[in-house]
Amino acid sequence: MGTRIRTASLAATAALTAGLTTAPAHAAGPTGPTAPSARDGGTHLLFDKNHRDPADSRVRLVQSGTGKVLADYRAGSGQGGTAGRDECARNKGWLPDGTYRILGHTTRKKGGRDGINGYAIRLADKTCRDGRTRRTALFLHSEMRSDGTQGIAVPGRDSPFRWDGDSDYHSLGCVKLAPADVKHLFAAAERYGWPATLKVVK
């Protein structure tokens, strides 16, 4: 989710899931020696948590059969601090550990000022380690306009349509990448085959 704490409504939740492209179960990658094959098991995403600094964690696109890292990016999840490392803290904590199904992806998400815009990958909901708290409306995304461009700078304010710096790696629990990195990830996924899952590890 975004960098600011917002009150979610049913309408906002519906807006979050609008316009997604359903991820195929077996996306076809390119031919050639660098492309993963069905024998190799395709690809998956890996979110490697940095307990020292959650805003300096890593997202990797991995060839599933061999473990080869195909692409690697800085990423963040959660608001930082003690609460930001609590996977059961809604709107503050980072993603719970485990494996998530990837439900879809789009390059033109339209979430408006209080939502997610542009490049976004939708993740399945996850119940955290307490067995009760369910984390919902989870995405891998950045900050941009719905057409993928950057909004104008607003002096003294953090714009939801513009990447303003390292503070934008903080989130309400989603995984966030810089705009250039999320676009590069989409290109890599198109090249090697779209991942079906995201694995979150400590």
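Where does Thr133 lie?

1. The model is a predicted one. In it, Thr133 is found in the loop that runs between β7 (126-127) and β8 (134-135). Although a loop residue, Thr133 counts as buried, because its relative accessible area is 13% and the cut-off for burial is under 20%.

2. The surroundings of Thr133 can be described from its contacts. Its side chain forms a polar contact of 2.7 Å with the side chain of Asp130. When residues up to four places away in sequence are not counted, Thr133 touches Cys88, Arg90, Lys126, Thr127 and Cys128.

3. Ser171 is located in the loop between β9 and β10 (175-176). Is Ser171 buried or exposed? With a relative accessible area of 0%, Ser171 is buried, because this value falls under the 20% cut-off.

4. One of its polar atoms lies 3.0 Å from the backbone nitrogen of Gly173. A polar atom of the Ser171 side chain also lies 2.6 Å from the backbone oxygen of Cys174.

5. On pairing, β9 runs antiparallel to β6, to which four bridges join it; here Ala120 is the residue opposite His141. With β10, by contrast, β9 pairs in the parallel sense over two bridges, and Leu140 stands opposite Val175.

6. Which residues touch the most other members of the largest nonpolar core? This core has 28 residues, and the ones in question are Leu45, Val59, Ile121, Leu140, Leu177 and Leu185. Two or more residues each are given to the core by β2 (43-48), β3 (57-63), β4 (69-77), β5 (98-110), β6 (117-123), β9 (138-141), α3 (179-192) and β11 (197-201). The largest share, six residues, is that of α3. As general background, nonpolar side chains in soluble globular proteins tend to be buried together.

7. Leaving aside neighbours within four places in sequence, Leu185 is in contact with Leu45, Val59, Leu61, Tyr73, Ile121, Leu140 and Leu177.

Key. Residues numbered from 1 in each chain as written. Predicted model: local features only at pLDDT ≥ 70, side-chain atom pairs only at ≥ 80, totals over all residues. Heavy atoms only, no water. Core = buried A, V, L, I, M, F, W, Y, C linked by side-chain atoms within 4.5 Å. Buried < 20%, exposed > 50% of the residue type's maximum accessible area, 1.4 Å probe, protein only. Contact = heavy atoms within 4.5 Å. Polar contact = N/O pair within 3.5 Å; in protein donor to acceptor, adjacent residues only side chain to side chain. Pairing = 2+ DSSP bridges.
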